[in-house]
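Me: Hi! I have a structure open and I'd like to talk it through with you. Can we take it piece by piece?

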Amino acid sequence: MILTGLFDMMMRLIRAPEDGGATFWMPPQSSTIAGEVDWLFNFILGISVFFFVLIVVVMLVFVVKYRRREGWETAPASTSHNTLLELTWTGIPVALVVVIFFFGFKSYLNMSTPPANAYEIQVSGQKWNWSFTYPNGYVDQNLHVPADRPVELLMTSVDVIHSFYVPAFRVKMDVVPGRYTKAWFEATMPGEYNIFCAEYCGTGHSDMSAMVIVHPSGEFGPWLEKASNFLLTMTPVEGGRKLYEIRGCQQCHSVDGGARTGPTFFKLFGKDESLTDGLTVTVDENYIRESLLEPNAKVVAGFEAVMPTYQGRLKDDEIAALIAYIKSLDGKTGEE
Amino acid sequence: MAEGHSAVVTPMSGGASGENYLTTGKGPLSWLFTLDHKRISVMYMVCILGSFLLGGVFALLIRTELWAPGATIMTADTYNKMFTLHGAVMIFLFIIPGIPAALGNFVLPLMLGAKDVALPRLNLLSFWCWLAGATVCLVSIVVGAVDTGWTFYTPYSTTTSTAVVSMTLGAFILGFSSIFTGLNFIVTIHTMRPEGMTWFKMPLFLWSLYSTAIIQVLATPVLGITLLLLIAERTLGVGIFDPALGGDPVLYQHFFWFYSHPAVYIMILPAMGIISELVSVFSGKHIFGYKFIAWSSIAIAVFSFLVWGHHMFTSGQSGLVNMIFSALTFSVAIPSAVKVFNWLATMYKGAINLAAPMLYVLSFLFLFAIGGLTGLFLGSLSVNIHLHDTYFVVAHFHYVMFGGTVIAFLGGIHYWWPKMFGRMYSEFWARISAALIFVGFNLTFFTQFVMGSHGMPRRYYNYLEVFKPYHQASTVGSYILGVAFMIMAYYLLHSLVRGEKAPENPWGGATLEWATASPPIATNFEHEMVGLDPYDIDSLKFDRQTGNYVRKDPGSIFLKPIGDE
């Protein structure tokens, strides 16, 4: 009786607040699956706290009660086993883990089976950024999704293994080169949530982050239409700058002269660069184009050949816009 | 059992000639070429504790870097090398060989009443392999280190520019050291048990070393092959794991964890064996449920081969495979729980002596309970998806590996120290240091559970501002641990010079190593020994004058003096 009372008390202490906000243990619940995962987490937490308290209390009671007294010389003969007792404390954990396994598997089935009507977005991971491709071909560095609609992610990696992780959604799936993996979720609350890379991928691993932006239902369609047409509505320089931001250039190339994984774009156009093979090249339109499509053909001395190719991933007008943007960074045109 | 003993014999006192294994033979060569398992054990101990110090320094550098987001004391590339080296050094150089090679080597033949292990030359070769492997690892640290994480996941490891080949070559050589030790222990336990010691009269530490040895011999070759394939891919361009060459990166994970999950039990099983010895001796009472504990060691060894896939729940492997591995993973929880309950029951109605080794037993029960129970979260599929590759996992395995294995290792060192070196250490400082380790450890790692479940991924150099308080608490905890270990190093070294002379049996252990001199003579025993019930604590009596536990019937464990016909 005392034990069940204690158990109840523990369960009350650890249960999540009804509004789905952050708890001592968990981030806010912002997807349909999060509640189920947290329920199981709390269920296991309850069992764990119960057994932990039991073990520690029994241990401390024994230490106090059976402390070796002054003058103790020898042990009396004592019972060395009790098969029934031992079978009991083998059997109870067996039953409990079967229950935990069952609930874990049940909610796993829910989280790994996307509904048929899910909206599909393609995800590509590369060192050290994400790109998200929408059904109309538009690519963004952040994941924009509608609320209250299942979204399925079809993911692959350009280089090494990454892992797509949104804590607020309780979603995680490795992003593996040479194959596709899938994940799905249905966001419940408009807002912005962190995306992390959870599989170690090198220097910029901890900065390989992005945001999920959940649009209220009805606002996602208009957003996508506006975002997709930016090259038509912007000047090539503005469009190039946007591409620089959303297509992963800025993770490795600064525009202020600062050193990153790759050469800075600041005052790059027209410069003579020495290459790793000892030759020199003048940075012109053709060199920039080649560096996008075959990045490791002419690597600037002092840098590693780590840039992934953009062959087939940038259209001609996008390359032209990027060239226009790099040209504009001459230190004279000024920040437009 | 003691029927038919030819002669009435008296217990030895400190080796008739005053010689012991430490004084028999002088000079570095007498150590480097020794075939004495005790000397090999001492050399292993020195090297392994040296590795622990090195891995610990890496850990403190990591924790210092994480004091604040972004750069604190090093660059991202240096940080990536630091956590890789911390993991690789702690796992391959310290914790895998730790208990079997350093303590097991010393204690195993003594517990069998034997002169040495069955294959002393192989034992020395194992140590040399360790030295060679460790040297290759250290050289690769100096020439450029590795930034892959200790798991060497492909294709990152086949494309990074760091010293992956030499580091994996080091791990490959270390694998032979581990296989040789395991093989030796299996042969020794099969062939050298004394008269009267049936399998179920063996000390539980030997059961655990036996289960460990089986895993070492069966699993380590797979690691060796995997690392060779990795080296072949990097140097010869053979496509095995790298998709750019037509390989499969997830295949590497299967190979790697097929060894490295059982390896986790190479680390924890011997620790459980130590706890079984200590809890009985320091409770002054027979171990409770001997057979359940012995069989649970074997069960853990068997299950350990069937659960590797739980490291890959998010790798994209099929849902069916995930389900099977989740179910099998929970099976490991049962024998572990059985052991904990049996240890607690051993304390019931005992006479508990709170000396330093017992403090480590209590620490172990507290920390291993947390480590084991948090395994339930990770074994459960849907919760695992959220917690995978976060600090929750980091905290979980540190609670098992440090809270379990290292704490038991420290308990074992404090327990067998008087036997190994014939000196007592300062009990006062030992208690202070044990308490500091307990506090520092919980502060370091409990905070990591909380930040992990909030979504802080592991192996992060930079992090969100919201995680800063957790990281800072964790860093403070790691400094407390550092201080505690410095205190320990001081009083243990001090004891070698100034420590009180240890009696034969200062704690009241009934296993055979306590029936010879402290430290033992080079040939271990002057008599052929009889294997009685190793937990027959009530056959001993405390002798107040010498601070020694003596047998009520001194002749019962001696068969006849060695050399007598």
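Me: How many bridges join strand β2 of chain B to strand β3 of chain B?

Reply: There are 4 bridges between β2 (residues 540-543) and β3 (residues 548-551) of chain B, and the two strands run antiparallel. Strands pair if DSSP finds at least two bridges between them; strands (E, at least two residues) and helices (H or I, at least four) are DSSP runs, numbered from the N terminus. This is a predicted model, where local features need pLDDT of at least 70, side-chain atom pairs count only at pLDDT 80 or more, and totals for chains, interfaces and linings use all residues. Residues are numbered from 1 along each chain as its sequence is written, and chains are lettered from A and ligands numbered from 1 in the order in which they are written.

Me: Which residue is the bridge partner of Asp543(B) in β3(B)?

Reply: Asn548(B) is its partner there. The hairpin has 4 residues between the strands, and Gly547(B) takes a positive phi near 65 degrees.

Me: New topic: at what angle do α2 and α3 of chain A pack?

Reply: About 170 degrees, with the axes of α2 (residues 34-65) and α3 (residues 83-112) 10 Å apart. Axes are lines fitted to C-alpha atoms, for helices over the stretch in contact, and angles run from 0 to 180 degrees between N-to-C directions.

Me: So what does that make α2(A) relative to α3(A)?

Reply: Roughly antiparallel, the word for angles over 145 degrees.

Me: And how many residues does each chain bring to the contact between A and B?

Reply: Chain B brings 74 and chain A brings 68, with contact meaning C-beta atoms, placed from the backbone, within 7 Å. Helix α10 (residues 319-347) of chain B gives the most to chain B's side, with 14 residues.

Methods. Two residues are in contact if their C-beta atoms, placed from the backbone, lie within 7 Å. Angles under 35 degrees count as roughly parallel, over 145 as roughly antiparallel, 65 to 115 as roughly perpendicular and the rest as oblique.
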